[in-house]
Amino acid sequence: MGVSPSPSPPRVPEIGAVFDEHFDYVWNTLRRLGVRESDIEDLSHEVFLKVHARLDQFDATRPMRPWLFGFAYRVAADHRRLARHRFEVLGAPVEAVDPMVAPDERLEADEERALVEAALEELDLDRRAVLVLHDVDEVPIPAIAHELGIPVNTAYSRLRLARHELAAALKRQRKNRYARESASAWPKPGTGHGPGTRRGAL
Amino acid sequence: MSDSMPPLDRRVLASLRSDRPAPSDARSRVRGRLAAVIPAMALSGASAGAGSSGFWRRFGGWGPHGMAVATFIAGGVTGATLLATLSHAPPPRIVYVDRPAPQAVVSEASTFSGPPLELAGPTRIPVAVPAAPQPTAAVATALSAPASPAATPPHASRFAEERRLLDDARAELLQGEPALAIARLDAHRARFADGMLAEERDAMEVEALVRAGRVDEARAEAAAFKERSPRSLFLQTVEATIASAP
C-alpha cells in the first residue's frame with residue numbers, strides 16, 4: 001500500500017509577484033496612514049525593499065496583506081517621527097475619473113472622502129492603524145494584534161478609541177465645512193450686495 | 001466589549017474603503033528602482049505577472065545553484081541594458097588635467113575606504129591610495145568637475161552608480177538592516193563583478209554577514225577575500241571584523 005504524499009506547504013511568493021499584486025494595496029495603506037501623496041512613492045519603495053529582505057520569513061499559510069500592513073505601518077511611523085513630516089496634512093489626491101458615475105454623485109463622494117480623510121488625519125497613528133486594518137481591510141483583531149506585536153486587549157482598546165475619535169473628528173470637520181460654506185455664501189463687504197455692505201449708510 | 005464599541009457609519013466606511021489605483025507612472029518608477037537592487041525584480045519586470053513567477057519557479061527548482069544562475073543572468077541583463085544605454089550616450093567630453101588624477105580620487109576613496117567598516121566615526125585610514133584601485137583620469141576629472149549630465153563620461157556614471165549602491169548598503173548597515181545591505185551588495189556584485197569598488201563591497205559584505213548572524217559565511221567570505229586580495233587595504237578591517245565576531 002503506497003503512502004499518499006503529504007500536501008506540500010504553500011510556497012512563499014517571489015518579490016516580483018508580491019509587488020505586482022499588492023502595490024496598490026501598499027500605496028493605499030500608506031495614504032490611509034497619513035503619508036502625503038508626494039511621499040508615498042518613496043515610502044512604498046522602502047516598504048518593498050524591507051519586504052524583500054524578510055520575504056523568506058513570511059508564513060505562506062497566512063494572508064499576505066496584514067503582513068504587508070506591518071511593514072507599511074512601521075515605515076509610515078518612522079516617516080512621521082521626523083519632525084518635518086509630523087504635522088503635514090494629506091494633499092489633494094489625483095485620481096482617475098469613473099465615467100459611470102454621475103458628476104454630482106462623484107463630487108459628493110469626493111467631498112465625503114476628503115472629509116473622512118481629514119478626520120482620519122486627526123487620529124493618532126497607532127489607533128489609526130488598528131482602525132484601518134480592522135474596518136477597511138477586515139482583519140480580525142487577534143491577527144491585528146499579532147501583526148502589530150501588541151496584546152489583543154490593546155488592539156480592541158485602540159479600535160474603540162479610534163472609532164470614538166473618528167466620529168468626533170468627523171463632527172468637527174462637518175461643522176467646519178458648514179461654517180466655511182456659509183461664510184463663502186455670505187457677500188463680502190464692498191461688493192454692493194447683502195448685509196455686509198454699507199451701501200446707503202450715508 | 002461590543003457594548004462600548006461604537007459602530008462606524010456606513011457612508012464613512014464606504015469612504016474609508018474606497019481604494020484608488022496607484023498612478024501607473026509611480027508604479028513603473030518604483031519597480032525600476034527596486035529592479036536596480038533586486039535582480040529578481042529586473043527579470044520579473046520583463047514579463048510581469050504569472051509568467052515571471054513560472055520563470056523563477058524553474059530556477060527555484062534547481063535549488064541554490066538555480067538562484068545563483070538566475071542572479072548571474074539578471075546581472076547579465078542589467079549589464080546589457082546599461083551597456084546599451086551607455087552606447088547611446090553622447091561621446092564623453094575630453095578634459096585635459098594638469099595634475100595626476102589620484103588627488104581627486106583620494107578624497108573620494110578616503111571618504112569610503114579605510115577601515116570603513118568601523119561604521120561609526122570618521123575614517124581613520126591615512127592617504128594610502130597607491131594600493132587602492134586606481135580610477136582613470138577621466139573618472140577623477142568627472143569627480144572633481146561636475147559636468148552636465150549629457151557630458152558625463154560613462155566611467156563616471158558607472159563609478160557613481162557603484163558608489164551609490166555601496167553608500168546605500170552602508171546606510172542600511174548603520175540602520176541595523178544587514179539583510180537589506182547584503183541584498184544591495186549582491187546587486188552590486190551582479191552588476192559590477194569586477195567593479196572599481198569590488199574590494200570595498202566584499203569587505204562590507206563580511207561585516208554585513210557578521211551583523212546578520214551568518215558568521216560561518218562571513219568567515220568563508222573573509223578567507224576568500226584574503227586569498228583574492230592579500231594586499232588589500234581592507235584586509236585588516238576584514239580580519240578585525242572576523243576576530244570580533246561572536
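1. In total, 37 residues of chain B are in contact with 32 residues of chain A. Contact here means that the C-beta atoms of two residues, placed from the backbone, lie within 7 Å. On chain B, the side that touches chain A draws at least two residues from each of α1 (10-17), α2 (24-37), α3 (39-46), α4 (50-61) and α9 (178-191). Of these, α2(B) gives the most, with 7 residues. By class, this side of chain B has 20 nonpolar, 8 polar and 9 charged residues. Nonpolar covers Ala, Val, Leu, Ile, Met, Phe, Trp, Tyr, Cys and Pro; charged covers Asp, Glu, Lys and Arg; the others, Gly among them, are polar.

2. A word on conventions. The model is predicted: local features need pLDDT of at least 70, side-chain atom pairs count only at pLDDT 80 or more, and totals for chains, interfaces and linings use all residues. Residues are numbered from 1 along each chain as its sequence is written, while chains are lettered from A and ligands numbered from 1 in the order in which they are written.

3. Chain A has 8 helices and 0 strands. Chain B has 12 helices and 0 strands. Both element types are DSSP runs, numbered from the N terminus: helices are H or I with at least four residues, strands are E with at least two.

4. Burial comes next. A residue is buried if 20 or more other C-beta atoms lie within 10 Å of its own, exposed if 12 or fewer, and partly exposed in between; the C-beta atoms are placed from the backbone. In chain A, 30% of the 202 residues are buried. In chain B, 35% of the 246 residues count as buried.

5. Contacts along each chain can be sorted by separation. In chain A, take the contacts between residues at least 6 apart in sequence: 71% join residues at least 24 apart. In chain B, residues 24 or more positions apart account for 58% of the contacts with a separation of 6 or more.

6. Look at α2 (residues 37-54) of chain A against α2(B). They pack at an angle of about 40°, with their axes 10 Å apart. Axes are lines fitted to C-alpha atoms, for helices over the stretch in contact, and angles run from 0 to 180 degrees between N-to-C directions. The two helices are therefore oblique to each other. Angles under 35 degrees count as roughly parallel, over 145 as roughly antiparallel, 65 to 115 as roughly perpendicular and the rest as oblique. Glu41(A), Ser44(A), His45(A), Phe48(A) and Leu49(A) meet Ala26(B), Arg29(B), Val30(B), Arg33(B) and Leu34(B).

7. Leaving out residues up to four places away in sequence, Leu34(B) touches Phe19(A), His45(A), Phe48(A), Leu49(A) and Met41(B). Leu34(B) is also among the residues with the most contacts inside the largest nonpolar core, along with Leu30(A), Ala72(A), Ile38(B) and Val206(B). That core has 76 residues, and α3(A) gives the most to it, with 8 residues. A nonpolar core is a set of buried Ala, Val, Leu, Ile, Met, Phe, Trp, Tyr and Cys residues joined through C-beta atoms within 7 Å.

8. Within chain A, α3 (residues 64-81) packs with α6 (residues 125-136) at an angle of about 155°, with their axes 11 Å apart. The pair is therefore roughly antiparallel. From α3(A), Pro66(A), Phe69(A), Tyr73(A), Ala76(A), Ala77(A) and Arg80(A) meet Leu125(A), Ala129(A) and Leu133(A) of α6(A). This contact has 8 nonpolar, no polar and 1 charged residues.

9. Two single residues to check. Glu138(A) lies in the loop between α6 and α7 (141-148) of chain A. Its phi is near 60°, a positive value in a residue other than glycine. Glu138(A) counts as exposed because it has 9 C-beta neighbours inside 10 Å. Asp202(B) sits in helix α10 (residues 198-211) of chain B. Asp202(B) counts as buried because it has 21 C-beta neighbours inside 10 Å. Not counting residues up to four places away in sequence, Asp202(B) touches Glu221(B) and Phe225(B). The C-alpha atoms of Asp202(B) and Ala224(B) are separated by 9.6 Å, with the two residues 22 apart along the chain.
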